[in-house]
Every structure is written in structure tokens, then in C-alpha cells.
Amino acid sequence: MISIKNLSKVFNTKDQTVQAVDDVSINIPKGEIYGVIGYSGAGKSTFIRLINRLEDPTEGEILLNNQDITALRKGELRKQRQKIGMIFQHFNLLWSRTVFENIAFPLEIAGISKQERERKVLELIDLVGLKGREQSYPSQLSGGQKQRVGIARALANEPTVLLCDEATSALDPETTDDILDLLVSINEKLNLTIILITHEMHVIQKICHQVAVMEQGKVVEQGEVLDVFVKPQSKTTKRFVQQLSPLEHQIDRLNQFITNDEQSEVVKLHFIGNNAKRALISEVSKQLDVEINILQGSISPTQEGAYGTLYVEIKGKPSVIQNSISYIESSGVEVEVLRHV
Ligand SMILES: Nc1ncnc2c1ncn2[C@@H]1O[C@H](COP(=O)(O)OP(=O)(O)OP(=O)(O)O)[C@@H](O)[C@H]1O
């Protein structure tokens with residue numbers, strides 16, 4: 001468990017004071033993939049750099065492996081840092097060293113014997129899918145392969161937590177997905193806690209269990225990914241969620257179906273988890289003999305199950321419409337009746 005309490009960082013520059021991280025408290029259970037999302041300048045990089053003390057906090061506590069990182073002196077800090085791996089947007093590889101030598105580097109620093117280093121590096125190369133590229137130089141690798149080297153290097157000292165600083169932002173969408181898949185498989189194989197920062201909701205959707213949304217240094221919303229996606233509270237979170245649900249932008253197209261006719265209601269259904277796989281619409285229309293037109297729909301998978309949104313028009317007598325809505329609600333699907341805005 002990583003426990004972050006009232007963490008703050010203030011930068012004092014010549015002409016201004018910036019509160020980059022403002023009273024952030026987060027608990028991250030062991031083995032979780034925890035995402036922090038925010039727009040540029042929200043304080044994400046500063047936040048993640050505080051966790052391995054690349055920045056010193058102004059206030060607050062970071063408990064990692066039952067030790068307060070913020071209270072460690074230089075020697076102890078160096079030791080603890082070996083248990084915190086980090087990967088970067090631009091990989092930060094040593095360009096004059098081969099893949100093998102890059103991965104061996106942290107092991108050299110930790111004083112691991114040559115034989116043990118060799119064993120460990122080959123194991124890591126296998127883990128990240130770079131077999132055969134041991135003697136290549138970073139300049140001979142694709143972006144995705146460079147990040148694989150970065151991941152293997154970060155895992156060399158068997159960290160208990162892996163920090164990912166916009167690790168896929170420099171990659172194309174397909175390579176991004178490959179690297180995200182690799183992070184999930186490492187998380188599962190090694191039960192490794194992963195903290196990542198990103199400005200892309202896709203990254204959160206695809207691999208995170210929990211998410212915190214940052215704005216002006218503060219965490220404005222946090223929780224299970226599925227909960228936050230289905231019921232975003234803050235304006236910023238809603239904007240991020242819309243990145244994934246292009247349907248939300250097309251809501252005005254539904255306006256033509258929303259009328260004052262009491263024999264027609266347009267409703268938005270939120271499906272979560274197993275409900276997203278159910279043939280509920282045909283079930284309702286058969287059971288209650290009601291006409292249901294599907295207007296728009298989408299389904300999105302997350303680490304904790306799928307969630308979906310479906311816009312339908314229910315047609316019939318007001319009492320039948322009401323019964324249909326009750327039936328749908330009783331099956332655990334949330335219903336929102338749409339009105340003209
Ligand atoms: N070393 C520094 N000195 C002064 N101000 C800083 C320093 N580092 C960050 N800041 C300021 O802190 C705020 C948060 O920056 P930070 O880089 O943490 O945000 P971010 O969410 O990671 O944004 P981006 O994705 O653009 O990097 C910004 O206003 C930034 O200008």
C-alpha cells in the first residue's frame with residue numbers, strides 16, 4: 001500500500017510562486033494500476049516526481065513499504081529509490097550503450113555480480129519481448145522497442161512500484177496499446193503496483209483500476225475507474241470522459257426525437273459490468289409489449305468490466321413507458337429520461 005497524505009509542492013521562482021501540488025491525499029493498494037489524469041500544468045509530473053523524491057515536497061507524507069519517503073536521508077533514499085522504478089515519455093536511455101547494457105546499468109550501480117547481472121538482464125529481455133535485440137543500440141529501435149528497454153531497465157532492481165511518466169505519449173496508437181498490454185501483463189505477473197500519469201483517458205480506460213483527476217494541483221475526483229467513468233462529477237472529469245464517448249457530443253442529434261408527446265420518451269441507459277452484455281432491450285420489449293427504437297449506443301471495456309451507453313426511444317401508453325423504465329431500473333441499469341435543453 002502506498003499512502004500519500006496532504007502532499008504539497010510550492011515552487012518559488014524569481015517572479016512568482018506556483019502551488020504545483022496542493023494538499024493531495026491518495027491511498028494506492030498493492031498490486032493496483034493507479035492513473036492520474038489532468039491537462040497540461042495540472043501538476044501531474046510534479047506529483048509523480050515527488051513520489052521518488054526527484055522533487056522534495058513542501059509538505060506532506062509519502063508512505064511506501066511502511067517508510068516515509070519524505071523523511072529519508074541521502075543514503076537511505078538511494079536504497080529506497082532502487083525499489084521505485086520509473087519510465088519516461090522520451091525513454092531516457094543511454095544512447096552509447098546497447099539494449100543489454102542499458103538494462104544492466106542499474107544492476108551495476110546496485111553492485112550486482114556480472115554473472116547475476118547477465119542472468120537478470122536476459123530474463124528481463126525475455127519479459128519485455130526484446131529477445132534477439134540485446135546488442136542493438138537505442139537508435140536502431142522503434143519507439144515501442146525503446147520503451148520496452150525503459151521498462152526492463154526500470155524493473156531490473158525488482159521494484160515494488162513502477163512510476164510511469166506519460167510513458168506512451170510519444171507513441172502511435174497501436175504501439176501505445178502494445179505497451180499498455182505489456183504493463184498489464186507485468187502488473188499481473190509480478191503483482192507490481194503501477195502509478196501512471198497521463199493526459200489521455202484511453203490510457204486510464206484500458207489499464208487502470210483507479211483514477212485521480214488533477215486540476216491546478218488538486219485532486220478534484222478519485223475512485224474506481226468504472227465509477228468515475230459512469231458518474232463523472234467535476235467539469236474536468238466530464239470533459240475527459242467525453243474524449244471516450246463521442247456520443248456525448250452528438251446529444252443534440254437526439255433532440256429531434258424528444259417531443260412533448262406523452263406516448264414517447266427518449267431515455268439514456270447506463271450499462272455497467274455484466275449488464276452491458278445483456279439483451280435487455282429485446283427482453284423489455286417482449287415482456288411488456290412495448291416498442292423500443294435504438295437511437296445511439298456504445299460500449300467501452302475497462303479493467304473492471306465494460307460499461308455502455310444506449311439512447312433509446314420508448315413508445316407506448318404512459319403507464320407502459322413507466323413500467324418499462326421500472327423494469328430496466330430493476331435490472332440494475334440506470335435510466336435517465338432526456339428532456340429538451
Ligand atoms: N521546477 C519548477 N519551477 C517552477 N515551476 C514549476 C517547476 N516545475 C513545474 N512548475 C510549475 O508547476 C505547475 C505544474 O507543472 P507540472 O509539470 O507538474 O504539470 P503537468 O500536469 O505535468 O503538465 P505537463 O503535462 O504539461 O507537464 C506548472 O504551473 C508549472 O509551470
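This is a short talk through one predicted protein model, from its overall build down to a few single residues.

Okay, hi everyone. Keep in mind that what you see on screen is a predicted model. Let's begin with the whole chain. The protein chain has 341 residues, and 36% of them are buried. For secondary structure, count 11 helices and 14 strands. If you box up the C-alpha atoms along the principal axes, you get roughly 80 × 50 × 35 Å. And here's one about how the chain folds back on itself: take the contacts between residues at least 6 apart in sequence, and 67% of those join residues at least 24 apart.

UniProt, in an unreviewed entry, lists residues 2–241 as "domain: ABC transporter". In the model, that stretch is 38% helix and 28% strand, and its end C-alpha atoms sit 26 Å apart.

Now, the ligand. Which residues are closest to the ligand? They're Phe 11, Ala 20, Ser 40, Ser 45 and Thr 46, out of 13 residues that surround it. Sorted by type, that shell has 8 polar residues, 4 nonpolar and 1 charged. Two elements, strand 2 (17–28) and helix 1 (44–51), supply at least two shell residues each. Helix 1 gives the most, with 3.

On to the inside of the protein. The largest nonpolar core has 83 residues, and the ones touching the most other members are Ile 103, Ala 152, Leu 163 and Ile 195. Let's zoom in on Leu 163. Setting aside neighbours within four places in sequence, Leu 163 is in contact with Ile 48, Ile 51, Asn 52, Ile 84, Gly 85, Met 86 and Ile 195.

Next, helix 9, residues 235–244. Its buried residues are Thr 237, Phe 240 and Val 241. Why do they end up on the same side of helix 9? Because they cover an arc of only 100° around the axis. There's a general rule behind this: an α-helix has 3.6 residues a turn, so residues three or four places apart point the same way. And what covers those buried residues? Among the covering elements are strand 3 (33–38), helix 7 (201–207), strand 9 (210–215), strand 10 (218–224) and helix 8 (225–230).

Most residues other than glycine have a negative phi. Asn 66, though, has a phi near 65°, which is positive. Asn 66 is in the loop between strand 4 (59–64) and strand 5. Is Asn 66 buried or exposed? It counts as exposed, because it has 7 C-beta neighbours inside 10 Å, and the cut-off for exposed is 12 or fewer. Glu 158 also has a positive phi, near 50°. You'll find Glu 158 in the loop between helix 5 (143–155) and strand 7 (161–165). With 11 other C-beta atoms within 10 Å, Glu 158 is exposed.

Last stop, Leu 72, in the loop between strand 5 (67–68) and helix 2 (74–81). Leu 72 has 17 other C-beta atoms within 10 Å, so it is partly exposed. Leaving out neighbours within four places in sequence, Leu 72 is in contact with Leu 77 and Gln 80.

Technical notes:
Residues numbered from 1 in each chain as written. Predicted model: local features only at pLDDT ≥ 70, side-chain atom pairs only at ≥ 80, totals over all residues. Near = placed C-beta within 6 Å. Helix = DSSP H or I, 4+ residues; strand = E, 2+ residues; numbered from the N terminus. Nonpolar A, V, L, I, M, F, W, Y, C, P; charged D, E, K, R; others polar. UniProt positions renumbered as here; feature names shortened; annotations may be inferred. Buried ≥ 20, exposed ≤ 12 C-beta atoms within 10 Å, placed from the backbone. Arc of directions from axis to C-beta. Contact = placed C-beta atoms within 7 Å. Core = buried A, V, L, I, M, F, W, Y, C linked by C-beta atoms within 7 Å.
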